[in-house]
Amino acid sequence: MHKIHHKVFLGLAAVAVIAGIVYIANLTRGQVVTNCPPTTVSLNKTNTIYTTSTGDTITYDGRSTLVSNNMNGAFSSDGTNWFQSFDMATLMSKSGIFYYSTTKTIDAATTFTNAKFDIIGASLTFDVVTATTTVVLSQTNPIVTVKGVDLSFDVNTFSLSSKTATFSVDNVKFVPSLGKAELMNYSTLYVKDAAGVVTQISVVADNNLGTLKLSMVNNCTPPVDPCNTTVTMDKTNPTLKTPLSLVIFDGRSLVSDNINVQFSPNNIDWMPKFDANMTAKTGTIYMMDVTTKATYTLTNAVYDAVNGTLKFDTVAPTTTNDVVLSKANTTYVAPDGGDFYFDPGTLSLGSKTNELSADGGKSYSSSLNVDQLMQLTKSQTPALRRAPGREATTVGVVLDPNQGTLTLSFPVVATCGVKDADKDGVADEVDQCPGTVADTVTTLKPNNLAVFNVNGALTWMANIGTAKKPNIVPAKAVSLVDTRGCSCAQIIDHKQTKESIDDKNNEDQGNYNDSDREDNKKRDGEENDSRLKFGCPSLSGKNNDKVTGIVGDWIKKAAKWSDDRKHDDNSEGNNTENDR
């Protein structure tokens, strides 16, 4: 959470970050700093209408003009000059921002950002930052109701409270009121109403004037950071919802609202009531449902008996990616390259890249039959799958023989603290090829490899068939982790860079003449053009389980080349004046 002093915040001029999601604006003009993602809208000749959060209809005429069905509705590109109809060809600002308001004031305006108008294609796209509600609390106006929430401001103690809502500075721990320290030091707060709906608000507190200005974004529930897994329980925050049950803390011990859930300090001795003092021994609180044997763990637990607080880390949340296979959709390729094939005739599941188990890993095979799938479905037990050389992971299965469908559920764990800018599954700190995208191959030759976008995930694919009958499947022998986040095209780029350096060294040493250089450039250019069109060679081995050629060489040499580059960078930084 960023802390910004209120006086500094008041002095901020409006700064728009058009290429991003969020922009910072002067709060005295009613705009809100929000983490809530904007909605992208596209208008064209066939899709001409956009409905605002207040119910007004904005219509695009298919040429360059926007109009509203509300006679009081007006548009502006600067928040000062307002027009009943908005000609984007002449009025659109270079910043890509415009406003819509029924009061011709920016305080109550809907803000449109990142606007792009195509006069030739007759289309308009923009992001919508929903309108804000702004209130100012003071000694003469201490109580207001906004969006059904009562807010009460005590100017003497400089505190904010509510009879129907609670407040938070981190969207995790909610309390009945906030004091001067929070209001003066935090620019963003959260309000949770009686129904549990959380609204993000922007705050400008002025201790000298005795005022508190709040700006609420309408119809926006801010996302909860899945990696914010540290929880503090005390008398103001006595409950925690876990995957097993609701946990209740009374200041000294933990209990569950489910009588089947018990606790343990060592994963051996189980009890229905957990004394918080026991965290001093292991720092871990184990939970288990004794009927289902499902478990959950709270780690790094610290108990403060004086203040009656219990602080711990929870496990990063796990969601599932559910895929329904049927007669109309028999195949699915997971982001990690695992392929799954459903036979609607026999109601069986097979895989060419994964081994499957229905008995908890005691035995594996390339397929599961209808009896095995039904047993897993009835017992609500997941199957196991594993790729060669990798650990087994679970996949939930629900077979519906009447509908002829098989639902597969793949666990997706939040990658907390791991940055992956190009979303290729390889952490930025070890990714040697930023900005990875799918290879633009025209025809993937037999035994060649290329990176494809499969179900939204970048995956190495291979043609294990022939030129006339191609069979393109996920490559069992290579992943983006193996190639350090590099596609076929990127590996070619790296190879060209290295060969250019080698050629330059040979030229400097007199080992090349002009003819040699031109021959090499022509040869390399033809080879690289071929690889870009037909993929990188190549696979070998009886089961296509070995990677050779340029990709195999890259896997072997990538680490060394990376070390060489780091060494070169360090050497440049350590050069003396005489060296230069």
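Is Asp61 buried, partly exposed or exposed? At 32% relative accessibility, Asp61 counts as partly exposed. In this scheme, buried means under 20% relative accessible area and exposed over 50%, with partly exposed in between (1.4 Å probe, protein chains only).

The structure is a predicted model, in which local features need pLDDT of at least 70 and side-chain atom pairs count only at pLDDT 80 or more, while totals for chains, interfaces and linings use all residues. Residues are numbered from 1 along each chain as its sequence is written, and side-chain values use heavy atoms, with hydrogens and water left out.

Confidence is given by pLDDT, the predictor's confidence in each residue, from 0 to 100. The mean pLDDT of the protein is 77. A value of 70 or more is reached by 76% of the residues. Over residues 520–526 the pLDDT is below 50. This stretch has 3 contacts in the model beyond near neighbours in sequence. Contact here means heavy atoms within 4.5 Å. Residues 565–580 also have pLDDT under 50. For them the model has 3 contacts beyond four places in sequence.

The structure holds 2 salt bridges. A salt bridge is a side-chain nitrogen of Lys or Arg within 4 Å of a carboxyl oxygen of Asp or Glu. One joins the side chains of Asp61 and Arg63, at 3.6 Å from N to O. Arg63 counts as exposed because its relative accessibility is 57%. The side chains of Glu355 and Arg386 form another, at 2.7 Å from N to O. Glu355 lies in strand E32 (residues 355–357) and Arg386 in strand E34 (residues 383–386), so this pair ties together parts that are 31 residues apart in sequence. Strands (E, at least two residues) and helices (H or I, at least four) are DSSP runs, numbered from the N terminus. Glu355 is partly exposed, at 36% relative accessibility. Arg386 is partly exposed too, with a relative accessible area of 32%.

Ser64 sits in the loop between strand E3 (57–60) and strand E4 (65–68). Its relative accessibility is 14%, so Ser64 counts as buried. Neighbours within four places in sequence aside, Ser64 is in contact with Phe86, Asp87, Met88, Ala89 and Phe117.

Aromatic rings were examined next. Rings of Phe, Tyr and Trp (its six-membered ring) pair if their centres lie within 6.5 Å; planes under 30 degrees apart count as stacked, over 60 as edge-to-face and the rest as tilted. By this rule the count comes to 13 aromatic pairs. The rings of Tyr50 and Phe126 have centres 6.0 Å apart and planes at 85°, so the pair is edge-to-face. Tyr50 lies in strand E2 (residues 49–51) and Phe126 in strand E9 (residues 123–129), so the pair ties together parts that are 76 residues apart in sequence. Both Tyr50 and Phe126 are buried. Phe112 and Phe126 have ring centres 4.8 Å apart and planes at 75°, so this pair is edge-to-face. Phe112 lies in strand E8 (residues 110–118) and Phe126 in strand E9, so the pair ties together parts that are 14 residues apart in sequence. Phe112 is buried at 1% relative accessibility, and Phe126 is buried at 3%. Ring pairs link Tyr50, Phe75, Phe86, Phe98, Tyr100, Phe112 and Phe126 into a cluster.

An open sheet of 5 strands has the order E19-E27-E26-E25-E23, with antiparallel pairing. Strand E19 (230–233) and E23 stand at the edges, each with a single partner strand, so one side of each is left without a neighbour in the sheet. Neighbouring strands of this sheet are turned by 30° against each other on average, direction ignored. Axes are lines fitted to C-alpha atoms, for helices over the stretch in contact, and angles run from 0 to 180 degrees between N-to-C directions. Two strands pair if DSSP finds at least two bridges between them.

Strand E25 (residues 285–289) is mostly covered, with 4 of its 5 residues buried. Strand E23 (residues 261–264) runs antiparallel to E25, joined by 4 bridges. Val261 has Asp289 in E25 as its bridge partner. E25 is also joined to strand E26 (residues 295–304) by 4 bridges, again antiparallel. Here Tyr286 stands opposite Thr297 in E26, and Met287 stands opposite Tyr296 in E26. E25 and E26 form a hairpin with 5 residues between them. In the turn, Lys293 has a positive phi of about 65°.
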